[in-house]
Amino acid sequence: MTEGNGDKTLRKIADAFNDLANVFTDSQSAEAEVKVAPFSHACSLVSPLFGCLGVAFKFAEMDYVAKVHDLAEASKSIQNLQSLIELDVQANTVRKGGSHTRNLLRVKRGLDMVRVLFEQILVTEGNSLRDPASKAYEQVFAPHHGWAIRKAVSAGMYALPTKEQLLKKLNEDEASAKDHMQSYVTASAPLIQYIDKLFVSRDLGIDW
């Protein structure tokens, strides 16, 4: 993945997810409609962040990027997330490998991991990312991973960049980074809850 190169990755992420979150403030959440195209675009902006975290999250980067690409392709023919899931429900392919619904669940998990990571960075003193990244991994990804992946990620945590190195890669100073991280945390929370409700309301579950 390319590094920041002056493109202000965190600001782009924050802006895109704030735009998505407006859906929930502009309408009753029960009537909210999240369109696949802007959703997949916003998700694609998060991809470089996984690359900046190094080997510990290489598995997440590869998996996430492929599934976001699938959703971007799906957006050419499917308008919103509800329709995307409904089509798989009707075809009985929800849990099939490569289904849009399965990929949506995996992408949502990636967004949630970044949300927890940012939350932890904001409340953790010092320059190390090991605690924030470990907590984010344990909370979001670890319950769905086997022993071998958990072991590899644990080893990879020792190769994480420092907070200072991460901000340099993202072309941010600490003050602007905190603003953008908080903005993403706030904007992504209702979106993640909305996606969870799409699954739960159809008795599809979210723990697979």
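## Exercises on helices, cysteines and burial

The model is predicted, so local features need pLDDT of at least 70 and side-chain atom pairs pLDDT 80 or more, while totals for chains, interfaces and linings use all residues. Residues are numbered from 1 along each chain as its sequence is written, and side-chain values use heavy atoms, leaving out hydrogens and water.

**Exercise 1.** At roughly what angle do the axes of α4 and α5 cross, and which residues meet?

*Solution.* Begin with the two helices (DSSP runs of H or I, at least four residues, numbered from the N terminus): α4 spans residues 81-91 and α5 spans residues 100-123. Their axes (lines fitted to C-alpha atoms over the stretch in contact, with angles from 0 to 180 degrees between N-to-C directions) come within 8 Å and cross at roughly 130°. Next, list the contacts (heavy atoms within 4.5 Å): Leu81, Leu84, Ile85 and Asp88 of α4 meet His100, Thr101 and Leu104 of α5. Finally, sort these residues by type, which gives four nonpolar, two polar and one charged; here Ala, Val, Leu, Ile, Met, Phe, Trp, Tyr, Cys and Pro are nonpolar, Asp, Glu, Lys and Arg charged, and the others, Gly among them, polar.

**Exercise 2.** How many disulfides does a search of the whole structure find, and how far is the sulfur of Cys52 from the closest cysteine sulfur?

*Solution.* The search of the whole structure returns zero disulfides. For Cys43, the nearest cysteine sulfur belongs to Cys52, 17 Å away, and this distance is too far for a bond. As a last step, consider burial (buried under 20% relative accessible area, exposed over 50%, partly exposed in between, with a 1.4 Å probe and protein chains only): Cys43 is buried at 1%, and Cys52 is buried as well, at 3%.

**Exercise 3.** Decide for Ala66 and for His180 whether the residue is buried, partly exposed or exposed.

*Solution.* Ala66 belongs to helix α3, residues 58-74, and because its relative accessibility is 45%, Ala66 counts as partly exposed. His180 sits in helix α9, residues 174-200, and with 17% relative accessibility His180 counts as buried. Leaving aside residues up to four places away in sequence, His180 touches Leu10, Arg11, Ala14 and Glu172.

Note on methods:
A disulfide is a pair of cysteine sulfur atoms within 2.5 Å.
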